[in-house]
Amino acid sequence: MDQTEKSRRSSYLEFLRDYPKTGPGTLAGTVLRHYWHPLCLSKDLKDIPYPVRMLGEDLVAFRGADGTVGLLGSQCPHRCAALEYGQIRSDGLQCSYHGWTFDKQGRCVRTPLEPAGSKLKDEIIHLWYPVEEWAGVVWCYMGPNKDSPPPLPKIDILARTDGEMVLERGDIRNYNYLNFLENFADIGHSYVLHLLVPGTVPEEVKPYCDMTATTDWRHIGHHVFETHFGVKSVLVHDTADPEVKYVNTWSLALPAYFRFGGVVAGLPPDFTNDRRESGGMLRIIDDTHFEMFRYTLVRPGNFRGTFFPRASEVARGLAEGFRGTVEKKDYDYRKYPAWEGRPPVEDLVIQESQGAIPPREAEHLGTSDSGVALLRRIWRKSMQNVAQGKPPKAVLTDEHGILRVDTFKGLARVAEIQLGPKNMPSSEDGRGLIRDSQGRLVFA
């Protein structure tokens, strides 16, 4: 290895070390702070303070008397008492220890134990961050432009009105968020991990499945693109009809949104035109913890059954020894025995097994890792930009502020397929959905 190659290798290893970091003062954490993040659901904020950890910082959210939300540092700057035990007052959040009260911009508005006319409160600006409520979610911005934050990109699926939105939270993982995101960028893992115990297509769906679609990875077209929102991986499966392909798209929108489609999770896939749109987003807690928010849009005509457990079921099931579908052996003493057969459990087990922060310097990437490699290139470039005082990669919205993310999954004629950064035809206009031979919706 010559000196140039050694320098290049050293630079890459330095990137890998900082890449998973989320806290203040780190380069990767600074990149994350240029984006809006989900904090909690609107319904989580009631009449008491709400403690929450975000990007390695302990914070407390509260809904004020006027109904708007504030987000402050967790410890009172007076004597460091926890503001999660504070009292919500008409003018802000009052520390229960000595009564110092802070408005939503961190300004100290009252110090009741100080002499009348004291200027002490005017010298105090407590840690605060902007928040915005939209689509039943409280979002926070922890970046450098707190007084004039960038507009909140409105995730398209949460803006939809053509179906029932199921939005859940509560699945907390004890490893780095990139274990999950890189797993999602690695679409090829499904053809091994989720085929260890092949799933079954629901009986009601079987008549509408094109099971001639190939599942042999080496005969599937695999394409990865950088897009206006981040990264997408597209698979093109051959079918018995040379003019018809089955197209499956997995997308990642920065900083931590994921999207996919389909009736069932895992394989064999539902090779139908159901065009279910699903996905989620991550609340990045710190370097070794994150929470998953999941959303699914169920439209009239979508198959209502699903093998994909809800977020609350996964969280509860893991606590209760939630397993896969295989029989547990008496001599299986692993942390997750009999884990194969249920895709959410399979993903969790493998992602956690990589380590809270994987030793990425020991990896040997292959051709199927092109999605992972592209995600890292984008993140590395963003880190370099931020180090030079420039913004990271932007996510581009339409004229209505909507962030449109590609979620195409269904049968398509060859002439319709667009392989490139541009989104495939959305299901928003009623395309797809399982129909009978007379064109009627089967699951209306």
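Q: What share of contacts in the protein between residues at least 6 apart in sequence join residues at least 24 apart?
A: The share is 64%, where contact means heavy atoms within 4.5 Å. This is a predicted model, in which local features need pLDDT of at least 70, side-chain atom pairs count only at pLDDT 80 or more, and totals for chains, interfaces and linings use all residues. Residues are numbered from 1 along each chain as its sequence is written, and side-chain values use heavy atoms, with hydrogens and water left out.

Q: What makes a residue count as buried?
A: Its relative accessible area must be under 20%, with a 1.4 Å probe and protein chains only. Buried residues are 52% of the 444 in the protein.

Q: How do you know that strand E2 and strand E3 pair?
A: Two strands pair if DSSP finds at least two bridges between them. Strands are DSSP runs of E, at least two residues long, numbered from the N terminus. E2 and E3 (residues 57-63) are joined by 5 bridges and run antiparallel, so by that definition they pair. Tyr-50 stands opposite Ala-61 in E3.

Q: Why are E2 and E4 called edge strands?
A: The open sheet has the order E2-E3-E4. E2 (50-54) and E4 (69-73) each pair on one side only.

Notes. Helices (H or I, at least four residues) and strands (E, at least two) are DSSP runs, numbered from the N terminus. Buried means under 20% relative accessible area, exposed over 50%, partly exposed in between (1.4 Å probe, protein chains only).
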